[in-house]
Amino acid sequence: MSLNNILNHWSDYRKGAEEGGHHEYEHRWAMAINLDLCTGCNACSTACYAENNLAVVGKERFEKGQAMHWMRIERYWDQQELEHPEQGASFLPMMCQQCGAATCEPVCPVAATYHTPDGLNAQVYNRCIGSRYCSNNCPFRVRYFNFYSYYESAWPEPMEQQLNPDISVRDKGVMEKCTFCMQRIRSVKDTAFMEDRKVKDGEVVPACAQSCPTSAIVFGDTMDEDSMVNKLWKKHQVERGVYQKTKLAKKDADLRGYRIFEELNVDPSVMYLERVREDI
Amino acid sequence: MSGKMNRRSFLKVMGWSGAGVALTGCDMPTTVTLEEGKEDVVSYLMPEEYVIPGVGVWYASTCTQCAAGCGIHGRVREGRVLKLEGNPDTAVNNGKLCMMGQAGVQGHYNPDRITTPMMRSGGSLTPVSWGDALKTLEEKLGAVSGDRFAWFTGTISGHQSVLLTNHLDAMGSTNHYAHEVVNNAVSRAVNQDMLGEANPRLRLDKAKMIVSFGADFMGASQSPVHYAGQYAKFRTNKERGLLVQIESKMSLTGGSADLWLAIKPGTEAVLALGMANVLLNKIRVSDAGIPSDVLSLINQYDISKVVKITGVTGDRIQRVTQLLAERSPSLVLAGASVEGQAQGYATTAAIMMLNHILGNVGKTIESAGEFPFPQLMAKQGGTADLVAFVEAAKAKKLDAVIFHGSNPVYSTPKSLGLAEAMSNIGFKVAISQFPDETTMAADLVLPVDSYLEDWGTQVPADQTEARAIHVQQPLMEKLNAETKGLGDILLTLLKQRKKEEYGQFEDYYAYLRNAFAAMPTSVKNEAKNNDEFWNAALQTGVIKVDAGAKNLQSTVVSFAAPVVDDNAGLTLVPSPRLGLFDGRHANLPWLQEAPDQISKVVWDSWVEMHPDTAAKMGIGNLDLVEVNSAQGSVKLRAVLLKGMHADAVAIPLGQGHEAYGRYAKGLGVNPLQILDATTDSKTGELAMYSTRVTVKRVGAADSLSIVRMGTGAGDSQVGRKLVGTVPVEQVRRTEGT
């Protein structure tokens, strides 16, 4: 893939996205995460470790920022001027936002990260050469690099028996990240295909959404008009391909839906709903 | 996919037809041999029954990672359990599962499991055969006179509990000590006295407002997933529920509060009395049913006095109390940090009294009814049993003790003198999965199955709308040939004593089949025969039980006046966390690597302090400090957080293991060891939240001193909109909630 080719396709794509999509999408998987329900409990994150063969790296490597938590809970303190955080903590479940105009994609020298017809940023492990350009270019810091062959230490016998055979265990030199539980999507799509029908809303549930004790995470296909996630996006007037400088493009700027770093125009597939607090 | 042929489906079709060609070309489709008689290549062409190669099947069972008893579904593929999820058929967790439940597979596949029986000889534990182990057990227990024998467990319920009780009977003993560090024993005592039921059903989802005094109901509590589900309803009700959390150290639940109030540790009773004072004297709520001594106590605590003692401002107290009166029904909760005070019973009673005054009993606190199988109900643990056990052992009243599901050597404060007590017990048996501290101190170790390999029934103690017996079934073959199920071990012990009665059961499975067959038709739900009932129970994982309807009484008991020490200095909060819990999950690497929800530290211990408190002592963030109590000291790093009252320091539970396998051993410190042995006079429970400490700086921050996720002490959003927050009025307008 020549540089020229990349540049041509990129501008083509960007224009396309604004005009409703360059791809002929089959699905556009998306999330809506209600931050008012997120309690920061870590259930999603641990479920992700279990589902996606994420390696435990240990204290020293964690300190160097090499933890492989595809789904992590960030915790922020607001009201820093006060003696105590009187409105509690601000929790943010952060995973790959599966951007429609992903900044990680065009910088990959070998096209190991690309856009699928499902609207996902897929990572082809076999193709990845470990340049880490994608991670460097990701505004959300949600790409994780295998600096070591973690499988040598992460699953001492018999722990390796827990590994999910539906997906691989990644080796040294490869970038990885949240896939929206690609293997679950795959399996549901296959079943639907065999039964000659469309994928139903609620059929695909990623591990994080499945485990969430408060059901803060809603997952689905925004191309399915009747899907819960599509209804939520519409209700909160968050649209794909429409770049909203924060909330200016919304008719009702007070609606809670927003996408993080909207100003970067990367078209994330994850809509967050603002945390609500009652001031008493 | 609209029938379009893409690359993947093309390959798939090719794959299938390819396989067909291979099959027709082969004489013997069941076994294809590479070289005759040498190697079977495709054994799965004729798979075992119920096994479809490449397809995962979900089986129902029950989680035992804490005492909540959530229903689970385990994904089994090619004979291995891979992933656990919540069972949607259970009202406890409604298909959801917390981080500890998710990590259950890591306990099951843990590389540090005990794989053979072991016996102490010459000071160390050496492997023995089951035959020898059982022979020794029979001899030793046979030589013990009845009341000098004891069982020491965690919370235990279901048919295992029945067998355990029967074994005690057979031994002629009544000594069953149930110990849980994370417990609600004091609340149970208060509820029993005030409501007539120890475990009433809490309905957070029906409350318009919750005021929680240190109740971390979504964190390390009795049923975190259940209450998190109720919390979600509470927040999404037509009128969004309002949560006020009052505590000295911000808990996981406190992190989600609309208003988080720091309170001077040990003064919660004063605040509750002050709120009662405002309700009765300012808002003029009826004082019906409140005994006169309690009324005069309430009248002693006017706002100005309460403000002075608790450190909470008068405006806040008035406002919160006013809202409580306006938003009915509400719910007032008392948590571990309140129960675990030197006057735990009185403080909890003062707080629960608010529910009586506000008329919440019967609305957000309901009767759980009468469970028709009392023998299956949970024997819930507390720390009073631990204290009683240590005293009995110290007084040389115990000759043989069997330990299971609890780790007292780790979790008993040094001040209680457990070491001496243990040395007085002639024969200590541990039925254990891991080489934890208690197991390593035992004379005989019996390796037990993981809960994913074992049969059982669990009856959750925390009551939900639909009461049930939860069924636990093996999700796969045993990993280790030499482990045995808890039920099987209990049955073997019983056969040693009462051969004629229990000899008829070949194993625990046979016992359970028999017990299920004997259940009344009312729970069999139209099953045609016992096999059908059994299969249905295994399929859904639950046996629904009608507990009938009852009404709670709403009374107020007399309780002692609060005693507040003005010169208390710093109080230690030994805070349990969802994850490592009371230390039992320190050997699960996923949970070690999951950052603590509030401080975001991994793989370590730390002490949380308010920056102002630290500044007074010249302590900076991540400095090495020494925390001293009258009972001892621990050295660890300070993490400065504003979610602390200035008079409290918190050390999270879970680390400081001296044994317990490669992931747990040697990390951090164990704050339980330096606690005072003070107990609540009314219930005998350990006052775990009343130890006074001093802190001094002993070293500077250095690299790798402590590892945490995020940017450090500030963790500010730096003006970016990562987590947006909006006032509830705005949402009422846009979303009508």
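Visitor: What makes two strands a pair here?
Guide: Two strands pair if DSSP finds at least two bridges between them. The model is predicted, and the pairs below are read from it by that rule.

Visitor: What makes β11-β10-β9-β12 of chain B an open sheet?
Guide: The 4 strands pair in that order, and the pairing is parallel. β11 (259-262) and β12 of chain B are the edge strands, since each pairs on one side only. Neighbouring strands are turned by 10 degrees against each other on average, direction ignored.

Visitor: How do you know that β9 and β12 of chain B pair?
Guide: Count the bridges. There are 5 between β9(B) (residues 209-213) and β12(B), and two are enough, so they pair. F213(B) stands opposite A334(B) in β12(B). α13(B) lies across both strands and runs at about 175 degrees to β12(B).

Visitor: What makes β4 and β16 of chain B a pair?
Guide: β4(B) (residues 118-121) and β16(B) share 2 bridges, in the antiparallel sense. At least two are needed, so the pair qualifies. M118(B) has V445(B) as its bridge partner.

Visitor: In which sense does β15 of chain B pair with β16 of chain B, parallel or antiparallel?
Guide: Parallel, over 4 bridges, with β15(B) spanning residues 427-432. Here V429(B) is the bridge partner of L444(B).

Visitor: Which way do the residues of β16(B) point?
Guide: L444(B) and L446(B) point one way, V445(B) and P447(B) the other. In a regular strand the side chains alternate between the two faces of the sheet. All four of these residues are buried.

Visitor: Why is helix α6 of chain B called mostly covered?
Guide: A residue is buried if 20 or more other C-beta atoms lie within 10 Å of its own. In α6(B) (residues 185-195), 9 of 11 residues are buried. Among them are R188(B), N191(B) and L195(B). The buried residues pack against β12, α12 (336-339), α13 (344-357), β13 (365-366) and α14 (384-394) of chain B. Just after the helix, G196(B) takes a positive phi of about 85 degrees.

Visitor: How do you know that domain 3 and domain 4 of chain B touch?
Guide: Contact needs C-beta atoms within 7 Å. By that test, 24 residues of domain 3 of chain B are in contact with 25 residues of domain 4 of chain B. α6(B) gives the most to the domain 3 side, with 3 residues. That side divides into 12 nonpolar, 10 polar and 2 charged residues.

Visitor: How far apart are the C-alpha centres of these two domains?
Guide: The centres of domain 3 and domain 4 of chain B lie 26 Å apart. Domain 3 covers 185-366 and domain 4 covers 570-708.

Technical notes. Residues are numbered from 1 along each chain as its sequence is written. Chains are lettered from A and ligands numbered from 1 in the order in which they are written. This is a predicted model: local features need pLDDT of at least 70, side-chain atom pairs count only at pLDDT 80 or more; totals for chains, interfaces and linings use all residues. A residue is buried if 20 or more other C-beta atoms lie within 10 Å of its own, exposed if 12 or fewer, and partly exposed in between; C-beta atoms are placed from the backbone. Two residues are in contact if their C-beta atoms, placed from the backbone, lie within 7 Å. Axes are lines fitted to C-alpha atoms, for helices over the stretch in contact, and angles run from 0 to 180 degrees between N-to-C directions. Domain bounds come from an automatic or database domain assignment. Ala, Val, Leu, Ile, Met, Phe, Trp, Tyr, Cys and Pro count as nonpolar, Asp, Glu, Lys and Arg as charged, and the others, Gly among them, as polar.
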